[in-house]
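Subject: Structure handover and notes

Dear colleague,

I am passing on the structure below, and my notes on it follow directly after. Please read them with the structure open beside you.

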Amino acid sequence: MSVPVNAGSLTLSNATGRFLIPGRPGAVFLKIENKGGADKLLSASSELSNKVELHSHTMDNGVMKMRPVETIDVPANSVVELKSGGLHIMMFGVKTLPEKGSKIPLTLTFENAGDVKIEAMIGMSGDKHSH
């Protein structure tokens, strides 16, 4: 399990990553607890990946589709969960497929909290769930 990280009124925890197939994108999920005023996740980056995007799942004519989003709102005094089937972070052009149990570094950029460095624990490969 990843170590919780505090940044201002935010606590980031339960950061996990799922990378299943070499050459394919991976996903990162985490919990953001906000005990203060509203904030926004503006972007994410990692030295492990060429491109990192914020994503959501949407239902389109009965088909679940992933779509990039510009930002992720973190309302005042709330908990936002980035999880499978919802908001999440996608990593494209992964240079090396991380092994189960390893940790990958990410930098999350928030409107108010600024840059926050976290590590996501890589979960089981071959997980039955999609991102």
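Asn-77 lies in the loop between strand S7 (72–74) and strand S8, where strands (E, at least two residues) and helices (H or I, at least four) are DSSP runs numbered from the N terminus. Asn-77 is exposed, with a relative accessible area of 61%; on this scale buried means under 20% relative accessible area, exposed over 50%, and partly exposed in between, with a 1.4 Å probe and protein chains only. Its phi is positive, at about 50°, although Asn-77 is not a glycine. Most residues other than glycine have a negative phi, and most peptide bonds are trans.

Before going further, please note that this is a predicted model, in which local features need pLDDT of at least 70 and side-chain atom pairs count only at pLDDT 80 or more, while totals for chains, interfaces and linings use all residues. Residues are numbered from 1 along each chain as its sequence is written, and side-chain values use heavy atoms, with hydrogens and water left out.

Asn-14 also has a positive phi, near 55°, in a residue other than glycine. Asn-14, however, belongs to strand S2, and with a relative accessible area of 33% it is partly exposed.

Asn-14 also takes part in the lining of the largest cavity, together with Ser-2, Val-3, Val-5, Leu-12, Ser-13, Ala-15, Ile-118 and Glu-119. A cavity here is a set of points, on a 1 Å grid over the protein atoms alone, where a 1.4 Å probe fits but cannot get out, and lining residues have an atom within 4 Å of a point. Grid points are joined across faces, edges and corners, and a volume is the space filled by probe spheres set on the points. By this rule the count comes to 1 cavity of 30 Å³ or more, and about 30 Å³ of space lies in the largest cavity. Strand S2 (10–18) and strand S11 (114–122) each supply at least two residues of that lining, and the largest share, 4 residues, comes from S2. The lining divides into 5 nonpolar, 3 polar and 1 charged residues, where Ala, Val, Leu, Ile, Met, Phe, Trp, Tyr, Cys and Pro count as nonpolar, Asp, Glu, Lys and Arg as charged, and the others, Gly among them, as polar.

Turning to side chains and rings, the charged end of Lys-51 sits over the ring of Phe-92, 5.8 Å from its centre; the rule asks that NZ of Lys or CZ of Arg be within 6 Å of the ring centre and within 35 degrees of the ring normal. Lys-51 is placed in strand S5 (residues 49–60) and is partly exposed, at a relative accessible area of 45%. Leaving aside neighbours within four places in sequence, Lys-51 is in contact with Met-90, Met-91 and Phe-92, contact meaning heavy atoms within 4.5 Å. The C-alpha atoms of Lys-51 and Thr-107, which are 56 residues apart along the chain, are separated by 12 Å.

- Gly-37 is found in the loop between strand S3 (26–34) and strand S4 (39–45), and it is partly exposed because its relative accessible area is 46%. Not counting residues up to four places away in sequence, Gly-37 touches Ser-9 and Ala-76, while Gly-37 and Val-74, 37 residues apart in sequence, are 8.8 Å apart in space, C-alpha to C-alpha.
- Leu-87 has its place in the loop between strand S8 (78–82) and strand S9 (88–94), and at 29% relative accessibility it counts as partly exposed. Not counting residues up to four places away in sequence, Leu-87 touches His-55, Ser-56, Ile-72, Glu-81 and Leu-82.
- Leu-20 is found in the loop between S2 and S3, and it counts as partly exposed because its relative accessibility is 31%. Leu-20 and Lys-100 are 80 residues apart in sequence and 9.9 Å apart in space, C-alpha to C-alpha.

With best wishes

Methods. 1 Å grid on protein atoms, 1.4 Å probe; cavity = no way out; pocket = protein on both sides within 12 Å on 5 of 7 lines; lining within 4 Å.
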